[in-house]
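Here are some notes on the chain that you asked about.

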Amino acid sequence: MKAQLFEIEHTTLYDYYAPVTVSYHLMRLTPRALSRQRRITHAIELDPAPATLNRRVDYFGNDTTFATVDRTHRQLRATSRSRVAISPAFIPDASETPSWENVRGLCRTDRTAPVLEAAEFTFASPAIPIAASFAQYAAPSFDRARPILEAVKDLTARIHHEFKFDPAATTVSTPLDEVLANRRGVCQDFAHLQIACLRALGLPARYVSGYLETQPPPGKAKLVGSDASHAWISFFCPGIGWIDVDPTNNLFPSMQHITVGWGRDYGDVSPMRGVILGTGRHTLKVAVDVTSLGRDGASS
Amino acid sequence: MNSTKDTRAVHSHLLGGGRSTKDFFDEFASENRQPRAHWRTLAESLEHLGAHELAARSENCRRILREHGVSCFVSQHGRGVDEPWRLDLLPLIISAEEWASLESGLIQRAHLINLILHDLYGLQRLVRDGIIPAPLLYANPGYHRACQGIGVPAGGYLHTYAVDLCHSPDGHWWVLSDRTQIPPGIGFMLENRTVISRVLPEAIEAVRPRSFSESVRLRRESLRRLAPDRTENPTIVLLTSGPRNEAYFEHVYLARLLGFTLVEGDDLAVRDRKVFVKTLEGLHRVDVILRRVADAFCDPLELRGDSLLGVPGLVEATRAGGVAVINALGSSLLESPVFLPFMPSLCRHLLGEELKLPSIATWWCGQGRELAYVRKHFDELTIRPSFTLGGTVVRPCELPTAERAALLEQLSARSHEFVGQEELPLSRAPTWAEHHAESRPVVLRVFVLFDGENYRVMPGGIARIMRNDKLSSTVVPLSGPCKDVWVMPDVDDSTAFLEAIPTPAPTLERTASELPSRTADHFFWLGRYAERLENVVRTTRFTVGRLSDDTGAGNQSRTKALAELLTRLDLVNLSSDIPHPRDALQEEILGVLHQEDRAYGVRDLLGRIHSAAFSVRYRLSSDTWRILNRLEPDARLKVGRLPLVYASTTLNTLVLDLAAFSGMEMENMTRGHGWMFLDLGRRIERAVNLAKLVRAVLDCGEETECLRVPALEISDSMMTYRRRYFSDPNTSGMLELLLSEPSNPRSLMFQLSRIEEHALSLPEGAHRDGVALLRGRVSQIVGELRKFEARGFENVPPSDTADFLERVLIGMGSISEVLTQVFFSHVTPQVN
């Protein structure tokens with residue numbers, strides 16, 4: 001199957017109430033190069049132009065850009081433009097995957113590089129605590145000896161059905177137990193919740209930040225979360241690797257999801273984090289446009 | 001004095017209470033209850049002095065500490081308090097042999113921790129090879145992933161390292177905790193030695209403990225060598241989180257001692273992945289940061305976003321090699337108690353040798369066998385969090401049944417988050433209590449410094465005196481009573497034992513580029529508040545005097561006029577038709593003196609002065625600081641049956657102390673930019689107060705007549721007036737003396753000339769336009785006053801004078817504003 005070409009434009013606009021003399025930004029706006037995601041072109045543009053712009057790879061392997069704007073400004077626009085080619089994801093047959101207890105046991109004892117790397121994602125992180133309540137919520141999906149893929153798929157469906165997508169219900173800093181209690185939130189909350197469930201059971205799970213195709217192909221429904229940055233999760237399946245799953249849309253991401261990066265939770269991969277030297281507040285506008293350019297000539 | 005009797009009292013008490021020494025280690029006496037060999041010289045020397053003299057020395061010790069302003073900022077019931085530093089008269093002595101073994105253990109441990117940090121922030125072989133379990137690192141909130149792989153200065157994560165130790169009943173030293181990040185105490189330790197040298201000169205001469213001066217010299221030199229670009233004259237700053245840090249005294253002390261600039265996060269800026277200090281002349285490159293801000297708070301961009309203490313971009317600058325930060329960012333990781341049980345195997349693995357200095361027995365519950373042990377011995381151990389230093393010591397045996405059960409449950413559910421720890425009875429050392437010595441439990445903190453190649457232990461430490469035999473907190477507190485620690489010299493050591501610690505000198509700025517803008521700002525406000533306080537105190541004192549004299553009913557109109565004047569000055573608030581003006585005025589004016597919450601009352605202003613002075617303390621001489629410490633209305637005088645008499649005593653003392661402060665500042669402060677901003681603040685404030693006073697007198701209309709004397713008294717010009725005019729004051733004479741007389745240091749003209757002078761020597765640097773604007777404002781007001789004077793005050797209608805004074809007030813306001821915009825603007829970062 002040939003790869004699908006996408007063009008992504010992600011614009012972030014800060015409007016400051018008072019002039020800002022200096023601002024510092026940490027951006028994770030560069031789609032990650034993966035075996036099934038080829039990065040063809042990519043550029044970040046800042047207006048006003050930055051005095052310093054430095055790109056590096058962070059702890060989790062994500063491309064990160066540090067920038068300083070040191071001219072007085074009232075507005076800052078960051079535009080990230082990328083072109084990527086995506087190949088389909090491989091989703092194994094549930095019966096081929098080990099039982100979830102096996103995965104848990106392996107992550108506690110095995111020290112081979114991929115498992116050790118995965119084990120790092122079994123612990124609490126700043127935005128995701130480990131608590132019995134999450135394990136309890138997850139429990140009905142995790143019958144004894146159930147293959148992990150089947151169990152995660154079931155949990156994903158439950159979150160999708162039992163939680164309401166409601167942008168007014170939460171903010172970036174709403175604690176996770178509140179999300180669980182109120183059964184409402186946005187993609188970020190659902191991703192955090194599912195990660196908390198898996199980690200509470202001792203299973204590795206990471207947070208994935210990325211985009212969705214804005215206008216789906218004819219006949220396909222428009223996905224939730226396509227007008228801004230999207231978030232989903234990835235769980236670890238020994239022998240196969242990491243498998244993505246999107247609780248907001250109840251599916252395995254494949255040809256419509258573009259990965260920017262991953263980490264323990266939102267804090268590790270927030271698209272844009274800034275510190276300004278100035279006195280006022282600000283408003284923020286984000287626009288994401290993901291256009292399909294059809295099939296790539298070269299297969300990936 | 002009967003010295004024999006006194007001596008016996010000291011000696012027998014020094015022998016330590018008569019308890020069996022099997023329960024604890026007695027630092028002073030051996031099993032046969034005789035002083036240990038290394039204590040004998042001290043014991044003899046103290047015997048010679050006698051209990052009576054020692055009590056006096058102990059008092060002297062307290063007095064010196066108070067005068068030096070040695071304090072520790074502690075939180076009590078949610079409120080910050082500056083707690084006076086308490087130093088015991090009697091030192092803790094450590095023998096040369098014991099020190100030699102401690103020293104080699106400490107150096108080994110420092111090397112070991114440095115290697116562990118290198119590995120965990122680098123290749124993480126220790127985890128991959130299974131030397132330590134993965135959760136020690138990955139579940140540890142002290143592991144800052146942003147710091148992974150960032151360069152470390154001279155190959156050292158650990159440049160300053162402190163260890164808390166206790167001495168077990170069998171005489172072995174055990175590590176209680178490792179302080180690997182920003183260990184506090186070195187400054188206090190140096191100050192302790194300075195004070196004890198003054199208080200017990202005979203004893204220190206006799207014992208000759210090892211000196212710290214070599215350590216101080218090495219530290220200064222090794223930090224200079226860390227400058228990334230190897231500049232000839234590197235700029236080294238000490239980054240503090242400010243006066244609310246418990247160890248702020250020591251930040252000031254060390255900055256002065258080592259000659260570094262003391263900065264807060266706001267003073268620094270990152271540009272082009274390098275770090276700069278914001279000075280009066282613009283940005284000045286920083287080469288080395290000796291930080292006293294915890295890892296998590298150092299950079300709101302890459303570390304904790306809610307921190308306002310750090311410098312945005314600092315991690316990126318460090319990563320780029322633009323600045324050396326010590327201890328390296330991320331080094332708090334090894335403060336986690338969870339590493340203690342793994343130290344022996346880590347030592348064998350990394351150094352190929354046995355660990356010399358053992359840690360207190362600790363079991364990490366994340367392992368099956370260890371968890372089982374902790375559960376089995378639950379009531380004999382203490383339980384603490386695996387990853388964080390600090391918190392209360394939890395003793396399961398002391399918990400109510402329900403809490404104990406809950407803890408046990410948590411232990412199973414989140415086992416890797418807990419460790420069980422053994423408790424050792426603390427050793428005891430003789431401690432001075434009023435008139436005799438008592439044996440008290442102690443914990444020892446020692447310091448290890450990296451000189452770029454080797455680790456060296458500072459020969460001494462701080463011995464913390466504990467309230468009881470058991471620790472109540474998992475982290476040994478910095479506050480509370482402590483002891484100096486004397487290390488006996490080697491027999492063959494012939495270095496100069498008594499080499500004094502250099503006295504920290506106030507930091508001088510040779511150029512404006514060395515004065516951080518924020519410091520200039522604090523100097524400016526120190527000047528303004530000191531002057532405002534003087535004005536309030538003089539006005540209050542005059543009023544109190546009047547109220548004491550004017551008891552007759554006939555003086556009611558004078559009292560009323562005074563009340564009106566003070567109301568116009570916003571000092572009190574009294575309506576003109578109150579029935580008993582005298583009583584009301586008395587109550588109000590005493591409120592100005594005593595009420596804590598009264599804005600711009602005496603206590604409020606004192607608070608503002610102390611706060612501004614505290615922030616520039618490292619640039620003030622110790623005498624100046626001592627005077628500022630004395631500025632405090634005596635609380636005992638607050639109540640009493642003669643409130644006016646007591647008030648007047650307090651006010652007189654304040655006037656004298658304020659005069660001592662301004663005298664000290666005039667005579668002893670180097671005429672650098674710091675002084676200039678202080679004086680600018682003082683002159684602007686005095687001009688404002690004067691303009692307000694004269695305007696209020698004129699506004700009082702018909703009562704003006706009886707207010708000329710108050711005006712002249714308050715502005716300390718009555719004597720001058722009498723000497724000049726040989727008559728009772730008239731209005732034009734008063735105006736001439738207070739407004740235009742250039743030789744009267746209290747006149748408006750005098751203030752304006754000084755402001756003009758300062759404006760001419762302001763550094764232009766990056767702000768040529770701002771300085772020009774400022775100079776323009778000043779000369780405009782001066783010009784106007786000259787014109788006014790030329791007309792002759794007797795020919796000017798009062799309303800014109802009042803208008804002029806209004807313009808002076810507006811002008812002063814705008815000068816102050818321009819100064820702030822041009823020189824002090826340092827806005828707090830905001831995270832989004």
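**Notes on chain B**

1. B:Asp623, B:Thr624, B:Ile627, B:Leu628 and B:Arg630 of H18(B) meet B:Asp657, B:Ala660, B:Phe661, B:Met664, B:Glu665 and B:Asn668 of H19(B). Contact requires C-beta atoms, placed from the backbone, within 7 Å. This contact divides into 5 nonpolar, 2 polar and 4 charged residues; Ala, Val, Leu, Ile, Met, Phe, Trp, Tyr, Cys and Pro count as nonpolar, Asp, Glu, Lys and Arg as charged, and the others, Gly among them, as polar.

2. This is a predicted model, in which local features need pLDDT of at least 70 and side-chain atom pairs count only at pLDDT 80 or more, while totals for chains, interfaces and linings use all residues. Residues are numbered from 1 along each chain as its sequence is written, and chains are lettered from A and ligands numbered from 1 in the order in which they are written.

3. H18 (622-630) and H19 (643-668) of chain B pack at about 165 degrees, with axes 9 Å apart. Helices (H or I, at least four residues) and strands (E, at least two) are DSSP runs, numbered from the N terminus. Axes are lines fitted to C-alpha atoms, for helices over the stretch in contact, and angles run from 0 to 180 degrees between N-to-C directions.

4. H14 (517-549) and H17 (602-615) of chain B pack at about 155 degrees, again with axes 9 Å apart. H14(B) and H17(B) are therefore roughly antiparallel (an angle over 145 degrees). Residues of H14(B) in this contact include B:Trp525, B:Tyr529 and B:Val536, and those of H17(B) include B:Leu605, B:Ile609 and B:Ala612. By class, the contact of H14(B) with H17(B) has 13 nonpolar, 2 polar and 2 charged residues.

5. Chain B is divided into domain 1 (515-668) and domain 2 (672-823), with bounds from an automatic or database domain assignment. Their C-alpha centres lie 21 Å apart. In chain B, 27 residues of domain 1 are in contact with 27 residues of domain 2. On the domain 1 side, H14(B) gives the largest share, 16 residues. That side has 13 nonpolar, 5 polar and 9 charged residues.

6. Between chains, 25 residues of chain B are in contact with 24 residues of chain A. H4 (125-128), H5 (135-138) and strand S21 (829-831) of chain B each give two or more residues to the chain B side. The largest share, 3 residues, comes from S21(B). The chain B side divides into 12 nonpolar, 5 polar and 8 charged residues.

Key: Parallel < 35°, antiparallel > 145°, perpendicular 65-115°, else oblique. Contact = placed C-beta atoms within 7 Å.
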